[in-house]
Amino acid sequence: MTGQKVRWGILATGGMAARFAADLVDLPDAEVVAVASRTEASAKAFAERFGIARAYGGWEPLARDEDVDVVYVATPHSAHRAAAGLCLEAGRNVLCEKPFTLNVREAEELVALARENGGFLMEAMWMYCNPMVRRLKTLVDDGAIGEIRSVQADFGLAGPFPPAHRLRDPAQGGGALLDLGVYPVSFAQLLLGEPSDVVARAVLSEEGVDLQTGALLSYGSGALASVHCSITGGTPNSASITGSEGRIDVPYGFFFPDHFVLHRDGRDPQEFRADPADGPRDSLAHEAREVMRALRAGETESPLVPLEGTLAVMRTLDAIRKRVGVRYPGETTGEAGGTGEAGEPVVVPT
């Protein structure tokens, strides 16, 4: 694939698909050649909007399209297992939106499919590919703040979201945790890895999804990570990493920062700012470039977003849901849901 354009297919036509398509258009080594939706009308409208040659009224024709090098799956996460699995079984490489799946069982199935078929698979955790987040991780790994003692991160939206909204719908994997909480959890695990213990509490809606969730992740090193998410209140959407020799504060939008500040005892604060050449802070181009780099290198997964890391995040999300009592249709008690040691969840009428 060296020296030629990477040909993309886009599966779904919602907001995330549109954002991704718009960013791909600006990459000279990328070409969107096909789009698929459940309805032909939606696919055609999307194709006309972005100048895409082929529009499919169904997922399977896109999965079988041998002119497509990689498919970006942008369906609601309740459909990720089915959509990404169809593409992997047909021999397509896949970039799948986050959260990767509803639960770790589904995630493990996708990873197994990719490995059996020799295909490339990556979660679209764009935060991990962001140049400023990568710079922050390098600083921490290089000992800029010593040993990590704690990580704090939150992501909350004010709403309100009506009961019919997908964020309130259990059948669509609704709730704050999978849509928003995946960011604080992924941020913590980028720096600390998978926790050894999870404690969590949540406020649930009458439909049974979490309106807000807080979790404390514990590590054998003695480090703690405090993560919070909400669809009932706009939080600072910030993060902080405290170490034995300093602290890094990441202000609003920690998952796509334009700057962060390094604090060390006895020194003036040091601000790190994004390079304007990297483009808009909310660009999805960084993850697209990483996918294309990996494909050209013949890699089946990205070192920036490794599959084992994705599985570890899914295990933590499952553990949190088990603690707070959120289970989605079709899941067994062994997968997620039920009530763990945190006690009975709070249910509020909405």
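The residues lining the second largest pocket split into seven nonpolar, four polar and four charged. Here Ala, Val, Leu, Ile, Met, Phe, Trp, Tyr, Cys and Pro count as nonpolar, Asp, Glu, Lys and Arg as charged, and the others, Gly among them, as polar. This is a predicted model, where local features need pLDDT of at least 70, side-chain atom pairs count only at pLDDT 80 or more, and totals for chains, interfaces and linings use all residues. Residues are numbered from 1 along each chain as its sequence is written, and side-chain values use heavy atoms, with hydrogens and water left out.

Of the 15 residues that line the second largest pocket, Y128, K137, L190, L304 and P306 are the closest to its centre. Two or more lining residues come from each of α7 (131–141), α8 and α10 (307–324), and α7 gives the most, with five residues. These labels come from DSSP runs numbered from the N terminus: helices are H or I with at least four residues, strands E with at least two.

How are such spaces found? On a 1 Å grid over the protein atoms alone, a cavity is a set of points where a 1.4 Å probe fits but cannot get out, and a pocket is an open set with protein on both sides within 12 Å along at least five of seven lines; lining residues have an atom within 4 Å of a point.

| Space | Volume |
|---|---|
| Largest pocket | about 570 Å³ |
| Second largest pocket | about 250 Å³ |
| Largest cavity | about 30 Å³ |

Now for the largest pocket: 25 residues line it, and M16, K98, R166, D179 and Y183 lie nearest its centre. Both α1 and α8 give two or more residues to that lining, which divides into 14 nonpolar, six polar and five charged.

What about the largest cavity? Its lining includes L177, G181, H228 and I320. The elements giving two or more residues are α8 (176–192), β9 (210–218) and β10 (224–230), and α8 gives the most, with four residues. By class, this lining has seven nonpolar, three polar and no charged residues.

Finally, a helix pair. The axes of α1 (residues 15–25) and α2 (residues 40–50) come within 11 Å and cross at roughly 30°, so α1 is roughly parallel to α2 (angles under 35 degrees count as roughly parallel). A17, A18, A21 and A22 in α1 meet F46, R49 and F50 in α2, where contact means heavy atoms within 4.5 Å. The residues of this contact are six nonpolar, no polar and one charged.

Methods. Axes fitted to C-alpha atoms, helices over the stretch in contact; angles between N-to-C directions. Parallel < 35°, antiparallel > 145°, perpendicular 65-115°, else oblique. Points joined across faces, edges and corners; volume = space filled by probe spheres on them.
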